[in-house]
Amino acid sequence: PHAATVPRDMELERVIPVIEALRVQGISTPISVDTFRSEVAAAAIAAGADMINDVSGGLLDDRMLTTAAKLAVPTCLMHYRGNPDTMMELTQYGNVVEDVAQHLTELARKGAASGMFPWNIILDPGIG
């Protein structure tokens, strides 16, 4: 919450060298890239990351789900409301369990409709 959005080029400059360095050092542990940008996700997977963690659930980049489908990697889609500046104000739900479950169900459907394999779709309630 309230985190400043980092420009795409800066995100790439920060993330890709770390992933590459881990792989050069022989680290075989799975690496997740936390991004809402499809371009960053694709570059990170090419650099050696194993999965995508999109806190926006594909809502901030309309190419994220199709990119994840093309890359055929596990992708975590999180329940998300508003943006980092407004998310803490958007906490009112009719029924939090039903509303979040409905939103996550819709994310899973959108992922599948975008070509993602069901076994690569990971859902995160994101309300912890």
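**Terms and their grounds**

Tutor: Counted from the N terminus, the elements of the protein follow the order α-β-α-β-α-β-α-β, which comes to four helices and four strands. The model is predicted, and local features need pLDDT of at least 70, side-chain atom pairs count only at pLDDT 80 or more, while totals for chains, interfaces and linings use all residues. Residues are numbered from 1 along each chain as its sequence is written, and side-chain values use heavy atoms, with hydrogens and water left out.

Student: What makes a stretch a helix or a strand here?
Tutor: Both are DSSP runs numbered from the N terminus, a helix being H or I over at least four residues and a strand being E over at least two.

Student: Why are S2 and S3 called paired strands?
Tutor: Two strands pair if DSSP finds at least two bridges between them. Strand S2 (residues 51-54) and strand S3 (residues 75-78) have three bridges in the parallel sense, so they meet that condition. Asp54 stands opposite Leu77 in S3.

Student: Why are S1 and S4 said to stand at the edges?
Tutor: The four strands form an open sheet with parallel pairing, in the order S1-S2-S3-S4. Strand S1 (32-34) and strand S4 (121-124) each have a single partner strand, so one side of each is left without a neighbour in the sheet. Neighbouring strands of this sheet are turned by 20° against each other on average, direction ignored.

Student: What is meant by saying that helix H4 packs on the sheet?
Tutor: Helix H4 (residues 96-113) touches S3 and S4, where contact means heavy atoms within 4.5 Å. The direction of H4 makes about 160° with that of S4, with axes fitted as lines to C-alpha atoms, for helices over the stretch in contact, and angles running from 0 to 180 degrees between N-to-C directions.

Student: Why is Val97 called exposed?
Tutor: Buried means under 20% relative accessible area, exposed over 50%, and partly exposed in between, with a 1.4 Å probe and protein chains only. Val97, which lies in helix H4, has a relative accessible area of 62% and is therefore exposed. Of the 128 residues of the protein, 31% count as buried.

Student: How do you know that Arg37 and Glu11 form a salt bridge?
Tutor: A salt bridge needs a side-chain nitrogen of Lys or Arg within 4 Å of a carboxyl oxygen of Asp or Glu. The side chains of Arg37 and Glu11 meet at 2.5 Å, N to O, so the pair qualifies. Arg37 is in the loop between S1 and helix H2 (38-47) and Glu11 in helix H1 (residues 8-24), 26 residues apart, and both residues are buried.

Student: What makes Arg63 and Glu39 a link between separate parts of the chain?
Tutor: Their side chains meet in a salt bridge of 3.7 Å, N to O. Arg63 lies in the loop between S2 and helix H3 (64-71) and Glu39 in helix H2, so the pair ties together parts that are 24 residues apart in sequence.
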